[in-house]
Amino acid sequence: MTFEGVDGSGKSTQAELLRDALVAEGRDVLLTREPGGTEVGERVRELVLDGPEMTPWAEAALFAAARAELVARVVRPALDRGADVIADRYVDSSLAYQGIARGVGVEHVLELNLHVVQGLMPDVTVLLLLDTAEAGRRVGAPDRLERAGADFHRRVDAAYRELAERFPERIVAIDASRPAAELSELIRERLRSRI
Ligand code: TMP
């Protein structure tokens, strides 16, 4: 399963809380963060988040490269041994940020990513929705993408809402404005029949 949302939506905290809850139930859980989690992925992270300005396609290709490594080296082996995988960002991040907000085109980015991950899509995606001004206040030291401006963040937010309408059977959209512990309970409630 994956967690998605704009920067500052609280998805990393929620992914960790869910991981902890499942581990406490005795489940074997892997939590991944994108981009990252492999040597190539960490280098891509530095390049895309702290590097120079680049074209939207270059950005899409770099995130896809990091994802290819993560899926092949970390996610597939974990799934093969029967573990549950929780991903803090996955393909939907590229669809929202590069495909829609940066204008590469959602179909192009989806096609690229489906090749890269060899069709591996999440069973369920939790999309945390939060007013972009509030999300902006929650972000600490911003990276290159987080500095892209309020207008860009509004486009990302709108992009995620568009994806939720497009994939209603997979994406569970949840209002993320409540306190973390309460939100974590709500997420588990909404996922109970699905994980
Ligand atoms: P993070 O703050 O959740 O670690 O994500 C890093 C940044 O990278 C965030 O601003 C979203 C962006 N991003 C994309 O633009 N496309 C992607 O495919 C991924 C995984 C992240």
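Throughout these legends, a residue is called buried when its relative accessible area is under 20%, exposed when it is over 50%, and partly exposed in between, as judged with a 1.4 Å probe and with protein chains only as cover. The model is a predicted one, in which local features need pLDDT of at least 70 and side-chain atom pairs count only at pLDDT 80 or more, while totals for chains, interfaces and linings use all residues. Residues are numbered from 1 along each chain as its sequence is written, and side-chain values use heavy atoms, with hydrogens and water left out.

**View 1. Ala58 in helix 3.** Ala58 has its place in helix 3, where helices (H or I, at least four residues) and strands (E, at least two) are DSSP runs numbered from the N terminus. With a relative accessibility of 28%, Ala58 counts as partly exposed. Ala58 and Asp151 are 93 residues apart in sequence, and their C-alpha atoms are 21 Å apart in space.

**View 2. The shell of residues around the ligand.** The ligand is surrounded by 14 residues, and the closest are Asp7, Arg45, Arg89, Ser94 and Gln98; a residue is near a molecule or strand if one of its heavy atoms lies within 4 Å of it. Sorted by kind, the shell holds four nonpolar, three polar and seven charged residues. In this sorting, Ala, Val, Leu, Ile, Met, Phe, Trp, Tyr, Cys and Pro count as nonpolar, Asp, Glu, Lys and Arg as charged, and the others, Gly among them, as polar. At least two shell residues come from each of helix 2 (39-50), helix 3 (56-80) and helix 4 (91-101), and helix 4 gives the most, with four residues.

View 3. Glu34 sits in the loop between strand 2 (29-33) and helix 2, whereas Arg67 belongs to helix 3. Glu34 is buried because its relative accessible area is 6%, and Arg67 counts as buried because its relative accessibility is 1%. The two side chains make a polar contact at 2.8 Å, a term that stands for a pair of N or O atoms within 3.5 Å; within protein, one must be able to donate a hydrogen and the other to accept it, and residues adjacent in sequence count only if both atoms are side-chain atoms. The side chain of Arg67 also reaches the backbone oxygen of Tyr90, at 3.2 Å.

View 4. Most residues other than glycine have a negative phi, and most peptide bonds are trans. The bond that joins Glu34 and Pro35 is a cis peptide bond, with omega about -10°, and Pro35 is found in the loop between strand 2 and helix 2. Arg89, in the loop between strand 3 (84-88) and helix 4, has a positive phi near 80° although it is a residue other than glycine. Is Arg89 buried or exposed? With a relative accessible area of 10%, Arg89 is buried. Gln118, which is not a glycine, has a positive phi of about 50° and is found in the loop between helix 5 and strand 4 (125-129); at 66% relative accessibility, Gln118 counts as exposed.

View 5. Gly105 is found in the loop between helix 4 and helix 5 (106-116), and its relative accessible area of 23% makes it partly exposed. Between the C-alpha atoms of Gly105 and Leu31, which are 74 residues apart along the chain, the separation is 29 Å. Arg147 lies in the loop between helix 6 (132-138) and helix 7 (150-166), and it counts as exposed at 53% relative accessibility. The C-alpha atoms of Arg147 and Tyr97, 50 residues apart along the chain, are separated by 13 Å.
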